Amino acid sequence: MSKPASRLAASLMFVLTLPLTSACSQAEQSPQLGRTEPPFWWTDMAEPHLQLMLHGRDLADAEVSLDYPGVTVTGTEREQNPNYLFINLAVSERAEPGTLQIHLQKGDWKHNLRYELKPRRTGSADRKGFDSSDVIYLITPDRFANGDTGNDRTADMLEGPDRSSPGGRHGGDIAGMQQHLDYIADMGFTQIWPNPLIENNQPEYSYHGYSATDYYRIDPRYGSNESFRAFVAAAKEKGIGVIQDMVPNHIGSGHWWLKDLPGNDWLNGKGIEKGEYEYTNHARTVHMDPYASHKDHQLFTDGWFVDSMPDPNQRNPRMANYLIQNAIWWVEYADLSGIRVDTYAYSDAAFLTDWSARMMREYPNLNIVGEEWTRQPALVAYWQAGNNNRNGYVSHVPSMMDFPLHYGLRDGLEKPESWSTGLVTLYESLANDVLYPDPNNLVIFGGNHDTSRLFSQLDEDPGKFRMAVAYLATMRGIPQFYYGDEILAKSPKQRDDGVVRSDFPGGWTGDKVNAFTGKNLNKTQQEAQHFVRTLFNWRRDKNVIHSGKLKHFAPIDGLYVYFRYDDKDTVMVAINKSDKPRELPAARLAEMLGNKSTATDIANGKSISLSELVVAPGDVLVAEIR
């Protein structure tokens with residue numbers, strides 16, 4: 001991406017330099033404490049070291065002391081800006097929950113900072129993350145359901161509601177998601193991944209959540225920190241975990257840091273005060289490319305996405321530690337079952353190693369999935385924990401989004417059948433599993449908030465849609481389903497975010513169509529929703545799908561058959577893309593069928609004879625072999 005610096009960027013950089021100058025003029029005034037982050041912490045964490053960031057007026061040279069059993073001050077650090085003070089604490093195993101009195105003194109000025117150490121939730125460190133037994137429901141919260149109209153506009157947020165604008169805020173919130181947990185559970189989904197819920201106080205286009213302005217605050221137009229935690233608890237009672245979407249790579253131009261930036265190296269780019277930063281080149285292969293230039297590598301990780309998304313410098317140790325502690329804080333505070341990391345590879349690679357190692361040290365069974373948007377499986381494998389990278393790079397992230405299989409699925413179903421297109425693309429995509437340390441821990445998907453709607457991409461063909469759903473429900477890995485796809489939501493094939501992230505029918509008072517209840521859905525939508533519900537509920541207790549083996553047979557004339565099997569069960573999936581009924585090629589499949597003669601059609605529960613089995617044209621069959 002290549003853009004000139006905008007007026008927004010120029011005015012932003014003016015704001016960046018102003019507070020530092022103002023801070024100097026205020027140096028003779030008494031210090032004043034504003035923020036302390038993290039706002040509180042816990043005892044019995046795996047990592048005993050905690051770094052507090054204090055922000056206020058002229059705090060940097062304050063002397064720090066405390067007297068609390070098991071907690072010691074190991075030092076302080078500062079940045080260029082005298083308004084920041086970083087306090088390093090060691091919290092030993094003998095520290096009990098309670099309130100620390102941290103004494104700050106500078107000359108005649110004294111202040112007692114009350115800082116709480118909370119007890120950890122029982123079993124927190126051993127929490128189970130999402131895995132291949134789960135199905136993830138991805139929600140864009142602003143577009144799902146408006147459960148509390150009172151928070152559509154708040155006094156301290158710049159952008160108010162405008163449901164008529166595809167890029168505006170529409171009012172969906174945490175209350176809306178919580179009110180429809182029964183629907184989500186009934187559909188067979190066991191995890192919810194909402195797009196980011198933390199504060200995005202931008203003047204416009206703030207609904208998507210990827211321009212954070214406060215890492216420790218839920219956006220008040222969604223609810224509060226407390227309501228988010230209550231939502232996670234309510235979901236857990238219904239057997240649903242919550243995955244938080246985190247964005248360490250970029251922030252919003254309205255982030256509170258930028259009103260009083262800690263130092264000139266807090267963000268990437270030279271001459272930031274002049275607006276002279278560069279844009280990322282999106283050259284995502286540079287990390288593993290043995291021939292990549294240093295400049296291309298630097299530009300990829302240090303470049304900004306757009307003017308309104310500044311790029312943090314994660315080589316600054318205090319910035320890096322801030323982001324690491326923030327991720328841990330949300331897992332512990334909200335009781336999360338996992339993390340999805342946006343634009344994973346765009347961050348500094350060494351930081352990512354440290355970030356992922358620390359997360360897994362605190363929560364060895366947690367799952368974290370990174371976004372590496374590429375068709376290249378070797379690049380996805382590069383970031384998955386356990387990969388033997390030739391350059392020695394080590395990652396600790398257990399899961400990655402399986403974009404190569406995503407493209408294989410879409411291309412395989414959308415493109416016409418030939419020797420090199422159509423189902424053969426999907427078939428050959430699975431051969432890439434030889435590259436992955438753990439292919440069963442990859443997240444597979446047909447669409448998300450950044451892609452066209454699945455039904456539209458498949459030419460609004462209900463049969464191809466069923467094929468895609470059946471594939472996601474039975475393939476190895478962890479399926480992720482985008483809200484609204486179950487009722488055949490539509491969009492242009494070309495990327496159009498505002499339309500892709502459309503309002504879920506029934507989420508707003510007065511909606512004529514209600515997908516939660518089925519009111520006024522057309523017959524095709526009802527059938528699609530029923531198919532999704534049937535397959536994903538069937539999948540819930542099928543260990544053969546969660547962890548069974550996989551064997552597939554090369555497509556012939558538009559017929560593709562594969563099996564999931566273990567010592568107890570065998571499941572067959574037959575995709576018929578042709579325009580003719582296709583008999584099951586039993587002789588060719590003999591190594592899997594053996595002497596078995598009957599099967600149960602999962603879609604309707606009917607028993608069928610394998611000797612007479614015919615797959616309808618343009619349709620799919622999922623069957624348990626008996």
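**Cavities, sheets and ring contacts**

User: How many cavities of 30 Å³ or more does a search of the whole structure find?

Analyst: The model is a predicted one, and the values here are computed from it. When the whole structure is searched for cavities of 30 Å³ or more, the number found is seven.

User: Which residues lie closest to the centre of the largest cavity?

Analyst: The largest cavity holds about 130 Å³ of space. Its lining is made up of 14 residues, which divide into 11 nonpolar, two polar and one charged. Those closest to the centre are Tyr215, Met246, Val247, Pro248 and Asn326.

User: Which element supplies the largest share of the lining of the largest cavity?

Analyst: Two elements, β13 (241-246) and α6 (317-334), each supply at least two residues of this lining. The largest share amounts to four residues, and the element that supplies them is α6.

User: How do the residues lining the largest pocket divide by class?

Analyst: The largest pocket has a volume of about 900 Å³. It is lined by 39 residues, and those nearest its centre are His208, Tyr210, Ser211, Val306 and Met309. By class, the lining divides into 12 nonpolar, 12 polar and 15 charged residues.

User: Which residue of β8 stands opposite Trp41?

Analyst: Strand β8 covers residues 109-118, and β2 pairs with β8 in the parallel sense over two bridges. In this pairing, the residue of β8 that stands opposite Trp41 is Leu117.

User: How many of the nine residues of strand β3 are buried?

Analyst: Strand β3 (residues 49-57) is joined to strand β1 (residues 32-37) by five bridges, and the two run antiparallel. Seven bridges join β3 to strand β6 (residues 84-91), again in an antiparallel arrangement, with Leu52 opposite Ile87 in β6. The strand β3 is described as largely enclosed by the rest of the structure because, of its nine residues, the number that are buried is seven.

User: Over the ring of which residue does the charged end of Arg35 sit?

Analyst: Arg35 has His55 as its bridge partner in β3. The charged end of Arg35 lies 4.3 Å from the centre of a ring, and that ring belongs to Trp256.

User: How far is the charged end of Arg453 from the centre of the ring over which it sits?

Analyst: The ring in this contact is that of Tyr483, and the charged end of Arg453 sits over it. The distance from the charged end to the centre of the ring is 5.0 Å.

User: What kind of aromatic pair do Phe228 and Trp330 form?

Analyst: The count of aromatic pairs comes to 46. For Phe228 and Trp330 the ring centres are 6.0 Å apart and the planes stand at 70 degrees, and since planes over 60 degrees apart fall in one class, the pair is edge-to-face.

User: How many residues apart in sequence are the parts that this pair ties together?

Analyst: Phe228 is buried, with a relative accessible area of 1%, and Trp330 is also buried, with a relative accessible area of 1%. Because Phe228 lies in helix α4 (residues 225-237) and Trp330 in helix α6, the pair ties together parts whose separation in sequence is 102 residues.

User: Where in the chain does Trp383, the partner of Tyr344 in an aromatic pair, lie?

Analyst: Tyr344 and Trp383 form an edge-to-face pair, 5.5 Å centre to centre, with 80 degrees between the planes. Tyr344 counts as buried at 1% relative accessibility, and Trp383 counts as buried at 0%. The two are 39 residues apart, with Tyr344 in the loop between β14 (338-341) and α7 (349-362), while Trp383 lies in helix α8 (residues 377-383).

User: Is Ala155 buried or exposed?

Analyst: Ala155 is found in the loop between β9 (136-139) and α2 (174-179). Its relative accessible area is 88%, and because a value over 50% marks a residue as exposed, Ala155 is exposed.

Notes
Residues numbered from 1 in each chain as written. Predicted model: local features only at pLDDT ≥ 70, side-chain atom pairs only at ≥ 80, totals over all residues. Heavy atoms only, no water. Pairing = 2+ DSSP bridges. 1 Å grid on protein atoms, 1.4 Å probe; cavity = no way out; pocket = protein on both sides within 12 Å on 5 of 7 lines; lining within 4 Å. Points joined across faces, edges and corners; volume = space filled by probe spheres on them. Nonpolar A, V, L, I, M, F, W, Y, C, P; charged D, E, K, R; others polar. Buried < 20%, exposed > 50% of the residue type's maximum accessible area, 1.4 Å probe, protein only. Phe/Tyr/Trp six-rings, centres within 6.5 Å; stacked < 30°, edge-to-face > 60°. Lys NZ or Arg CZ within 6 Å of the ring centre and 35° of its normal.
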